[in-house]
Amino acid sequence: MSNAAKNEASESKAYDAKEVEDKWRNHWFAHKTYKWDSQAPRSENFVIDTPPPTISGHLHMGHIYSYTQTDVIARFMRMSGKNVFYPMGWDDNGLPTERLVEKLKNVRAADMPREDFIRICHEVVNESEKDYRALFRGIGLSVDWDQEYQTIDENSRKLSQMSVIDLFHKGELYRQPQPTLWDIADQTALAQAEVAEKEMPGTMWNIPFTCADGSEIEIATTRPELLGACVAMMVSPKYAHLAGQKVTTPLYGVEVPVIADEKVDPEKGTGAVMCCTFGDVTDIEWWKIHKLPTRIILDNVGRITDSRVPELAGLKVNAAKTKIIEILKEKGLLRAETPVQRMVPCAERSGAALEIIVTPQWFVRVLDKKDALIEQGKKIKWYPEYMRVRFEQWTENLKWDWCISRQRYFGVPLPFWYSKRPGEEGKIIPASPSQLPVNPLVDLPQGYTRDEVIADTDVLDTWATSSVTPQLSSKAITDKLAIDLDRHSKLYPAHLRPQAHEIIRTWAFYTILKSYLHQQSVPWETIALSGWCLAEDRSKMSKSKGNVVRPESLIEENSADVVRYWTSTSRLGLDTAFDKNIFKIGRRLQNKLWNAARFVNMQIQGFVPKATTLAAAKGDITAPLDLWISTRLKETIEKATEHFGNYDYADALRVAEDFFWKDFCDNYLELVKARVYDEAGTNPAGKLSAQTTLYFVLEAVLRLFAPVMPYVTEELYSMLYADLWKKHGSIHKRGHWPKAADYMADAAAAEEGNAVVNLLAVVRKAKTLANVSIKVEATRFIVLGMKGNISASAQKDLAAAGATALPEFLPKAVDGMETVAGDDGVLAIQLALAPEKLRA
């Protein structure tokens with residue numbers, strides 16, 4: 001440590017977070033401090049499958065909340081010796097991006113040439129990513145920015161299409177017309193995972209169907225507009241005697257079969273319902289099981305196409321519902337109407353109520369693999385463990401294969417054509433792997449001319465690309481479909497997938513599925529699931545409530561380190577409320593680190609340790625209290641390391657804070673102060689012991705806090721340990737986490753130190769009760785109930801810290817002196833305070 005650096009630290013009175021953070025942010029980026037070593041063997045790697053944020057144009061608290069938690073883990077793993085692969089991707093294709101572009105540019109994709117819209121999308125995402133990049137660099141993510149990708153870039157398109165081709169050739173991907181969840185607003189098919197069930201008010205109407213003998217059976221329905229699509233009457237067991245008969249639909253006069261089915265609830269409605277093609281998922285099940293005909297009356301925009309009831313033709317569903325109720329009432333065919341609350345499947349992104357439309361789509365086979373996927377989930381470590389149940393429940397309850405095709409524009413094209421050659425009309429022609437990435441609208445399959453093929457115009461569901469993020473980083477899908485197989489062997493499977501718990505059913509599930517189908521493997525060893533960041537009242541943040549906190553403003557007001565501290569106090573899987581008090585605690589810690597380091601720096605001016613670790617310098621440690629703080633530090637390092645190893649960064653931070661505040665600042669610095677000053681120059685051995693201990697303990701403290709507060713620790717380390725910083729290049733360097741073996745443990749010194757700390761606490765209590773400063777001298781200091789001995793060295797440290805005479809250990813209290821008991825009810829002391837006129 002140079003004297004210039006020491007002087008700089010001592011003269012810097014206040015910590016300027018903005019200046020420091022700007023400096024180190026630029027330094028780390030310019031010097032590639034967090035660069036992954038591609039030449040190192042896989043055994044040294046720790047690979048993170050970083051969530052690529054959706055480029056929606058809205059930066060929110062989640063972008064610093066969960067990402068910072070991952071970064072704390074990444075920093076620990078790097079400091080513990082791992083070669084950390086920590087990439088950053090941008091999920092920049094799909095519906096969210098299209099909506100952003102349409103809003104920002106005031107255009108509609110459907111109203112302009114496809115290529116023009118895609119070009120604008122590229123321009124917008126490239127600009128938007130600058131804001132995300134600035135935020136992530138600002139909060140201090142230790143990402144290797146050389147490992148950046150877009151889910152729409154050339155390599156991602158190539159790898160995503162490799163995934164599709166592999167599934168197609170394995171028979172795990174198929175195309176066929178079938179009932180599909182359809183978003184009328186966005187004009188695209190959706191997968192089951194993209195559906196949000198919303199409770200909405202509705203009405204249950206009773207409508208009579210006519211039996212062959214002229215009698216009637218009333219069905220109950222909330223969707224009378226689908227009467228023209230009815231293909232059967234499904235009845236509960238109470239109508240079982242009618243099963244096999246025919247009934248006639250009102251208005252349309254169509255005969256349909258009566259079928260008994262246990263799914264019909266006899267206590268709900270009338271005990272009889274319509275099976276329509278298609279009103280809900282149950283209709284599809286009945287349609288398949290009973291091999292019912294298909295009567296489609298809705299088109300892709302939700303309009304009635306059937307003209308048998310002319311008044312309904314061309315109306316959209318809500319208008320058609322209103323109109324058919326009017327007609328039924330006029331004809332006396334509406335027997336009852338009851339208000340109900342019903343669950344309506346809606347598109348997660350657009351919010352529109354979904355319809356079920358028969359369209360040709362691409363599907364990945366899932367339903368026949370439920371048990372296998374659950375077993376794959378068991379091979380992964382889940383933090384917290386109970387989150388695995390969500391994965392298993394979602395898998396067990398799946399009712400559809402995964403629809404991966406979307407009728408949109410800005411996405412990865414499906415790499416297929418359909419033949420028009422005589423004799424093979426409709427044959428599916430996949431792209432050759434050597435052609436990838438392809439755009440079927442521009443490119444041609446090998447051996448075919450433009451006139452001989454029809455291009456597939458659909459794009460992949462964005463989850464179909466995001467589900468191969470481990471492979472987007474490793475650059476291969478299988479051993480035969482690869483861009484860089486050697487890289488793949490080093491990076492796949494990944495070690496950690498950090499993500500939010502609400503997308504277990506999408507991102508986690510689909511990634512596990514793809515890895516299983518491609519290589520019969522799991523995509524990662526561990527999945528760490530974060531909760532939500534909530535408003536102060538624990539409600540969800542939303543613009544409408546006015547409780548949204550902008551992450552850029554939060555960093556500007558509090559500093560990145562303080563925001564990171566707040567994030568690090570939360571636990572995996574749990575939602576965390578925005579709490580200003582936590583930010584205050586973080587600022588206090590930041591300032592205390594700065595001030596404590598400045599104090600220590602003043603005590604070790606010009607000091608150069610004789611060894612590289614405290615354990616190696618054991619011969620210079622002569623004071624029991626120095627051995628005590630070393631013992632406590634060793635215990636703290638062991639606990640923090642164990643917590644970090646279990647992804648429990650919050651407890652790792654807690655034990656580091658406990659040591660720093662209680663042991664180091666509140667007690668050790670006070671106890672060692674006089675000895676390290678050694679104003680009389682009579683205790684050189686004690687001073688050397690103190691300086692050596694202070695030097696190594698503070699250095700370890702900075703390293704303990706480095707994953708959580710990287711900026712202030714880097715600044716202090718570079719100033720106070722300049723020689724070490726120059727040697728290592730950063731406090732955050734690989735392998736720089738403190739090792740417990742570098743610090744001594746001494747059971748006797750630990751017991752003695754704890755006793756001294758307890759006595760000092762009672763001295764402070766006694767002076768507080770006497771309403772005097774701790775600096776007021778006590779001319780006599782009686783200790784009662786003390787078990788064990790305290791060395792002369794520790795007695796002197798205690799007396800100096802408590803401003804007392806040397807302690808007298810007596811079996812009973814001295815008459816005439818007030819006794820103050822310790823918190824344990826055993827230890828007690830008596831103090832004779834100096835007369836007021838003699839107090840300094």
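Student: Which residue in β20 is the bridge partner of Y418?
Tutor: That's I454. Before we go on, this is a predicted model, where local features need pLDDT of at least 70, side-chain atom pairs count only at pLDDT 80 or more, and totals for chains, interfaces and linings use all residues. Residues are numbered from 1 along each chain as its sequence is written, and side-chain values use heavy atoms, leaving out hydrogens and water.

Student: Okay, and how do β18 and β20 pair?
Tutor: Antiparallel, over three bridges, with β18 covering residues 416–419. Two strands pair if DSSP finds at least two bridges between them. Strands are DSSP runs of E with at least two residues, helices are H or I runs of at least four, and both are numbered from the N terminus.

Student: What sheet do they sit in?
Tutor: An open one of three strands, ordered β19-β18-β20, with antiparallel pairing. β19 (428–430) and β20 (453–455) are the edge strands, each pairing on one side only. From one strand to the next, the twist averages 35°.

Student: Which helix lies across it?
Tutor: Helix α6, residues 154–169, lies across β18 and β19 and runs at about 130° to β19. Axes here are lines fitted to C-alpha atoms, for helices over the stretch in contact (heavy atoms within 4.5 Å), and angles run from 0 to 180 degrees between N-to-C directions.

Student: Switching to α5: what span should it have?
Tutor: Its 25 residues (114–138) should span 36 Å, and the end C-alpha atoms are 36 Å apart, so the two agree. The expected span is 1.5 Å times one less than the number of residues.

Student: Which α5 residues are buried?
Tutor: Among them are F117, I118, C121, V125, Y132 and F136. Buried means under 20% relative accessible area, exposed over 50%, partly exposed in between (1.4 Å probe, protein chains only). Just after α5, G140 takes a positive phi of about 90°.

Student: And what does β7 pair with?
Tutor: β7 (195–211) is joined to β13 (336–347) by 12 bridges, running antiparallel, and E197 has P345 as its bridge partner there. β7 also pairs antiparallel with β8 (216–221) over six bridges, where N206 stands opposite A220. In that hairpin, with four residues between the strands, G214 takes a positive phi near 90°. β10 (246–248) is another antiparallel partner of β7, over two bridges, with T210 opposite T248.

Student: Last one: which ring does R421 lie over?
Tutor: R421 lies over the face of Y448, 3.9 Å from the ring centre. R75 lies over W28, at 5.2 Å. The cut-off is NZ of Lys or CZ of Arg within 6 Å of the ring centre and within 35 degrees of the ring normal.
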